[in-house]
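Here is a short briefing to read alongside the coordinates.

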Amino acid sequence: MAETLFSRIIRREIPAQIVHEDEHVVGFRDINPQAPTHVLFVPRQAIATLNDLVAADAELIGRLVLAATAYAKSQQLADDGYRLVMNCNRHGGQTVFHLHFHILPLKEGVDLRPHTGQMADHSILAAQALA
């Protein structure tokens, strides 16, 4: 799999606001948020898309889902509701080809912004990570 922004975040080569980390999964704030709280959960293992999953990845995907939902509960997002979204390939809205879930909380009166497919620049990422 090609090098991605996410693999560089996982290796701490690029700063990010890390919200969760264990031996299998890393969670961090999205640099181009589509909702007031927009967090990504990625496996440390490099898998490009949903289409690249194999049966042996079932436990990893389970860990990814459990980490994301535990974070949603810890942030009091679960009762109001949230979306756990995974896009697949370019036409499916995937812009970084490292498997990942988006946590997008839903609140009455707060609309999701449309995904532009444009990544914020690294200086914005660095500033957000230090905030």
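The notes below cover a strand and its partners, then a residue in a loop.

Please keep in mind that this is a predicted model. Strand β3 spans residues 39-43, and Q76 sits in the loop that links α2 (58-74) to β4 (82-85).

- Five of the five residues of β3 are buried, so the strand is largely enclosed by the rest of the structure.
- V39, F41 and P43 point one way from β3, while L40 and V42 point the other way.
- Residues on both sides are buried.
- In a regular strand, side chains alternate between the two faces of the sheet.

**Pairing partners**
- Strand β2 (residues 25-29) runs antiparallel to β3, and five bridges join the two.
- Within that pairing, R29 has V39 of β3 as its bridge partner.
- Strand β5 (residues 101-105) also pairs with β3 in the antiparallel sense, over three bridges.
- Here F41 stands opposite F101 of β5.

- Is Q76 buried or exposed? With a relative accessibility of 60%, Q76 counts as exposed, because the cut-off for that class is over 50%.
- The Q76 side chain reaches the backbone oxygen of S74 at 3.2 Å.
- Q76 and P105 are 29 residues apart in sequence, and their C-alpha atoms are 9.8 Å apart in space.

Technical notes:
Residues are numbered from 1 along each chain as its sequence is written. This is a predicted model: local features need pLDDT of at least 70, side-chain atom pairs count only at pLDDT 80 or more; totals for chains, interfaces and linings use all residues. Side-chain values use heavy atoms; hydrogens and water are left out. Helices (H or I, at least four residues) and strands (E, at least two) are DSSP runs, numbered from the N terminus. Buried means under 20% relative accessible area, exposed over 50%, partly exposed in between (1.4 Å probe, protein chains only). A polar contact is a pair of N or O atoms within 3.5 Å; within protein, one must be able to donate a hydrogen and the other to accept it, and residues adjacent in sequence count only if both atoms are side-chain atoms. Two strands pair if DSSP finds at least two bridges between them.
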